[in-house]
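Welcome, and please open the model in your viewer. We will go from stop to stop, with something to select at each one.

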Amino acid sequence: MAKRSKVGKFFTPKTVISGIVILIAIAAAIGANVIVPYDPNEVDPRSCFLPTFSKGHILGTDKLGRDLLSRLIMGAKSSMLNAFLIVAFEVVIGVPIGLICGYYGGKIDAVIMRIWDVVCSIPSLLLSFILIAIFGRGNFTGIMSIGIAFIPLTAKMARSLIITEKKAVYVEACKSMGYSDMKIIFFHILPNVITTMIAQFTMDIGAAIVAMATLSYLGLGIQPPDADWGTLLENGMQNFYNNYVLLAAPAIIIMLVTVAVNIFSDCIQEYIDPSQRKLPTFKQYEKRLIHIQRRQKAAI
């Protein structure tokens with residue numbers, strides 16, 4: 001009974017709705033090559049700027065006659081995949097660095113944290129511009145640049161969590177049993193702090209979608225003719241007066257997915273952190289007590 005109540009607290013209406021939006025975006029990304037009605041890069045000069053609900057083109061076409069719905073679906077594949085790769089990159093690099101610095105402390109911790117302070121002082125988008133200027137534009141460079149910009153905050157979060165956790169009794173017990181530091185860090189401490197990080201990683205997916213779309217919009221990320229929500233925004237801006245849906249459709253999708261990811265992240269945080277949960281009111285307790293009393297009287 002208690003387990004059912006606990007699960008029920010997580011599956012609130014906002015969690016379910018935001019989760020459905022995210023699942024639709026992920027499903028579109030995974031099955032993009034199968035569900036697209038047309039080749040997203042197929043040019044048809046006879047079908048330029050078709051309006052919405054045209055025959056065979058629900059959302060119309062762009063200036064080259066390419067089907068907008070197909071390009072949005074294919075854009076979901078690149079946008080979602082890139083966002084997950086960025087978060088995976090920051091997790092693989094940032095979490096171990098933060099855990100090791102927080103566990104050992106000392107000069108290594110001081111030097112690395114000062115470096116991260118310098119990196120954090122540079123806006124993430126500006127840092128991405130600098131790295132792209134050095135390594136060149138492209139999808140891979142965009143992923144790496146945004147991932148590097150996300151690493152410092154991830155490392156600092158992991159460091160702060162392990163500083164508190166390494167004082168726990170079970171850590172001292174592991175040391176007394178002769179476990180190595182790496183085994184203590186990654187097999188004993190990490191599982192106890194990873195749940196706190198999950199909410200932040202989920203939110204970073206939304207931030208990564210927006211950041212990568214921004215780079216693509218500026219021509220620094222995915223390069224045409226490949227479809228991406230950012231490149232679709234840029235194309236929609238250029239042809240807004242010919243067909244406003246070319247701009248509105250990718251803008252709405254980016255907004256919906258990003259808001260859904262942020263709401264879902266907040267729900268995870270509320271579920272994981274008891275201090276974030278809404279406590280039941282006195283009236284709810286009163287109703288429960290009355291119900292229990294009535295059942296006891298009926299049993300007697």
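**First stop: Asp 109**

Select Asp 109, which is found in helix H5 (residues 106–121). Helices here are DSSP runs of H or I with at least four residues, strands are runs of E with at least two, and both are numbered from the N terminus. What you have open is a predicted model, in which local features need pLDDT of at least 70, side-chain atom pairs count only at pLDDT 80 or more, and totals for chains, interfaces and linings use all residues. Residues are numbered from 1 along each chain as its sequence is written, and side-chain values use heavy atoms, with hydrogens and water left out.

Is Asp 109 buried or exposed? Asp 109 counts as buried because its relative accessibility is 9%. Buried means under 20% relative accessible area, exposed means over 50%, and partly exposed lies in between (1.4 Å probe, protein chains only). Now show what surrounds Asp 109: leaving aside neighbours within four places in sequence, Asp 109 is in contact with Cys 101 and Arg 159. Contact means heavy atoms within 4.5 Å.

Next, select Arg 114 and Asp 117, whose side chains meet in a salt bridge (2.9 Å, N to O). A salt bridge is a side-chain nitrogen of Lys or Arg within 4 Å of a carboxyl oxygen of Asp or Glu. Arg 114 and Asp 117 are three residues apart in helix H5, so about one helical turn separates them. Arg 114 is partly exposed, with a relative accessible area of 48%, and Asp 117 is partly exposed too, at 31%.

The structure holds six salt bridges. For another one, select Asp 62 and Arg 66, where the closest N and O atoms are 2.8 Å apart; both Asp 62 and Arg 66 are buried. Then try Arg 46 and Asp 44, which meet through their side chains at 3.5 Å, N to O. Here Arg 46 is exposed, with a relative accessible area of 78%, while Asp 44 counts as partly exposed at 22%.

**Inside: Leu 99**

Move to Leu 99 in helix H4. With 0% relative accessibility, Leu 99 counts as buried. Which residues is Leu 99 in contact with, leaving aside its neighbours within four places in sequence? They are Ala 158, Ile 162, Ile 185, Phe 186 and Leu 190. Draw a line from Leu 99 to Phe 186: the two are 87 residues apart in sequence, yet 8.5 Å apart in space, C-alpha to C-alpha.

**Backbone stops**

Most residues other than glycine have a negative phi, and most peptide bonds are trans. Keep that in mind for the next selections.

- Phe 49 sits in the loop between helix H3 (32–35) and helix H4 (68–104). Its phi is near 55°, a positive value in a residue other than glycine, and at 26% relative accessibility Phe 49 counts as partly exposed.
- Phe 53 is also placed in the loop between H3 and H4. Its phi is near 60°, again positive, and Phe 53 counts as exposed at 71% relative accessibility.
- Pro 224 and Pro 225 are joined by a cis peptide bond, with omega near 10°. Pro 225 is in the loop between helix H9 (181–217) and helix H10 (229–238).

Select Ile 252, Met 255, Leu 256, Val 259 and Ile 263, which make a nonpolar surface patch of about 430 Å². Patches use residues with over 30% relative accessible area and no salt bridge; like charges are joined within 9 Å, and nonpolar side chains (Val, Leu, Ile, Met, Phe, Trp, Tyr) within 5 Å. Accessible areas come from the Shrake-Rupley method with a 1.4 Å probe, and for residues only the protein chains shown count as cover.

**Zooming out**

Finally, show the whole chain: its secondary structure comes to 12 helices and zero strands. Buried residues make up 39% of the 300 residues.
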